[in-house]
Amino acid sequence: MAAPTVSIAAPNAQEIVAASDAVRNPSKPFSLTTTLIEYRNGKEVSSSTVASYAKADKDSGKYLNLVRFVAPARDADKLMLKAGNDLWFYDPASKASVRVSPQQRLLGQAANGDIVTVNLAKDYKAELAGQEEVQDGEREKRQAHKLLLAASAEDVTYHRIELWVDAANSRPIKARFFADSGRLLKTAYYRRFQPQLGTERPTETVIIDGLDPGWVTIMRYTDYAFRDVPDAWMQRDYLPRFKPG
Amino acid sequence: MSARDLSCALALLLGIAAGPATASDEDALTLADLPAAPPEQASDWRIALEGAGGRASQRIGQPRVDGHRLSLDVAYDSNFAPGWRAVFASRLDWRWQTQDPRESKVNTLKEAYLSHQLNPTAIVDAGRINVRNGVGTGFNPTDFFRDGAVRSLISPNPSSLRNNRLGSVMLRAQTLWIDGSLTGIYSPELKDTRNDAPFNADLGATNHEHRLLLSLSQRLTPAINPQFLLYKTESLPLQAGANLTMLLGNATVAYVEWAGGRSASLRAQALGGMDDTAYVQRASTGLTYTGPAKTSLTVEYQHNGAGLSKHDWNALQAGPSDRYIRYRLLAQSRQDPPTKAAWFLYGSWQDAWISQLDLSAFVRHNMADRSRMVWVEARYHRGRYDFAFQWQHNLGRAGSEYGALPQKSSWQLIVSRFF
């Protein structure tokens, strides 16, 4: 008598990434405050705070992001608008909205792509590399899907990403970001999961530079709130007027 | 034992440093375990206090000048009621120097206006507003409200000229749609003449004639978002303008800014004489390249069709000095190059060598007389303080654009405190 065969569908890599995106990003337009603290060799060298407003584009599903600088005081009320590669920087002192290239860094070690909301499943083609036991940001061992992400859109910050997603709950655990040349640019740990806007979301990302491990940026997320911003405000000409109440 | 040491020791005791995470990852996570300060909150106020001291070497035969400056910059921006916003910005510069005038105070009332949002896509504003158009870096032909706006010159750096200037009193209405906007501005004549009294609002500097401006922006593709402008004053026929930026790859932004219309030349406006009204164009076009390690470089070509040709510029220098001075003062007030063509080069390097140290420099090069202005700044940020060193050098023969400036070279040390 032949043993019964059980058919188990292999997890779809793209769906795993999308589920992980859903853990990081609320399904409706939202705002949050991000505090970035930069360390060099264990010593804090800079700190900044930004308030971000994100909403997914109806057609592409990609996020439109409006980022307002809160601190340090010298940068207060400056704004960054990012829609794909379309990136504008506004300075309230000069009233000037300046187009900047995606390469331009506005905040220390963190790339612009790090401080804005991104749906990786929309920008990358994912491949499942296997299952691995990995240590998470809280030093717990987790069974994880290891995914290899290759950029499928031009307007992305990183060419290739290795992403570990918790097999039990789709939480992102850790990611390694690579340049076009294959060089490791940075490693990120997602940690301190807390209930925010309906589910447990990471409230901290620890970023470690690929070349200089002593260069660390900690990003802390607070003040999560559902908040819609009219579509007409997500453009260059509204930047001088953007003043959330 | 510090909190960090304690965390490391605990991690070792519990054996949790082992595993796929590397030792450097463990160090980073230990840093993240440190207690977090509460996040900073946004404020309606932006206040900066700045002290500066420096020295200027004059042209041959003139004594050097030592000077000090104390500046207070205050900005307030508040949604004081649903749909209502109040904006105020002012700057006081108090100077002392070793030549006359030994002491001077200049207050620049940059902005004071009320804004009302009629609905999410329609807004009206009234009061003194600093409207700035233009995508150029060193010259902005479509920045139509720049005329007479600089009341106190802090630095020749273009960003300082944009930051520290008077707005114009106006009524402004704007409507927006999903990928564009239309803005209409009426700025009335309020005073005929400037007033240099320290705390005067100096309405004559900015509102000495009736002016109208219409600007339309429309995104054509995700990458192309041009702006078109129409500008009319009592003294000028209709002027048109356009701004366009384009992304070339991931690291380069190209831009072109253009304005054109019938007008008299700068010389005729400054010196009178025969009416030479003709179709005149001004333009500023360039590239900004973002390099590795947070460096960026801008190269810009500037054209002023109302400026003097090389031949006429030489002739003006050879003529009576009062005519030369009148011409230079008008060009300076308009923020126009005095001659037809110039190059502008601007470079910056963030976190140069050490974190929080920014270097920036620019060169202005007049193509008619080959004179140059070189400006360099090193700025270090530390907490709420900035420490800066600025150096400026003007090169060129006597009478040239930069060779005629009284200061040959100067430097200043600046300390700023942000509140």
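Because the model is predicted, local features need pLDDT of at least 70 and side-chain atom pairs count only at pLDDT 80 or more, whereas totals for chains, interfaces and linings use all residues. Residues are numbered from 1 along each chain as its sequence is written, chains are lettered from A in the order in which they are written, and side-chain values use heavy atoms, with hydrogens and water left out.

Chain B has seven helices and 18 strands; helices (H or I, at least four residues) and strands (E, at least two) are DSSP runs numbered from the N terminus. Along the principal axes, the C-alpha atoms of chain B fill a box of roughly 90 × 60 × 45 Å. Of the 419 residues in chain B, 48% are buried, where buried means under 20% relative accessible area, exposed over 50%, and partly exposed in between (1.4 Å probe, protein chains only). Among contacts in chain B with a separation of 6 or more, 54% involve residues 24 or more positions apart; a contact means heavy atoms within 4.5 Å.

The interface brings 73 residues of chain B into contact with 65 residues of chain A. The area buried between chain B and chain A is about 5,700 Å², with carbon and sulfur atoms giving 49%; buried area is the accessible area (1.4 Å probe) that two parts lose on being put together, summed over both. On the side of chain B, Leu29(B), Arg46(B) and Asn250(B) lose the most area to chain A, together 11% of what that side buries.

Eight salt bridges are counted between chain B and chain A, and 49 are found over all chains. A salt bridge is a side-chain nitrogen of Lys or Arg within 4 Å of a carboxyl oxygen of Asp or Glu. Arg139(A) and Asp33(B) meet in one such pair (2.7 Å, N to O).

Within chain A, Glu204(A) forms a salt bridge with Arg191(A), their closest N and O atoms being 2.6 Å apart. This pair links strand S12 (residues 199–209), which holds Glu204(A), to strand S11 (residues 184–196), which holds Arg191(A), 13 residues apart. Glu204(A) counts as buried at 1% relative accessibility, and Arg191(A) counts as buried at 0%.

In chain B, Asp351(B) and Lys294(B) form a salt bridge (2.5 Å, N to O). Asp351(B) lies in the loop between strand S14 (341–349) and strand S15 (357–366), and Lys294(B) in the loop between strand S12 (278–291) and strand S13 (295–304), so the pair ties together parts that are 57 residues apart in sequence. Both Asp351(B) and Lys294(B) are buried. Elsewhere, salt bridges that share partners join Arg139(A), Arg191(A), Arg192(A), Glu204(A), Arg220(A), Glu26(B) and Asp33(B) into one network.

The whole structure contains three cavities of 30 Å³ or more. A cavity is a set of points, on a 1 Å grid over the protein atoms alone, where a 1.4 Å probe fits but cannot get out; lining residues have an atom within 4 Å of a point. The second largest cavity holds about 490 Å³ of space, a volume being the space filled by probe spheres set on the points, which are joined across faces, edges and corners. Its lining has 28 residues, with Asp237(A), Pro240(A), Arg132(B), Asn133(B) and Gln227(B) nearest the centre.

Conventions:
On a 1 Å grid over the protein atoms alone, a cavity is a set of points where a 1.4 Å probe fits but cannot get out, and a pocket is an open set with protein on both sides within 12 Å along at least five of seven lines; lining residues have an atom within 4 Å of a point.
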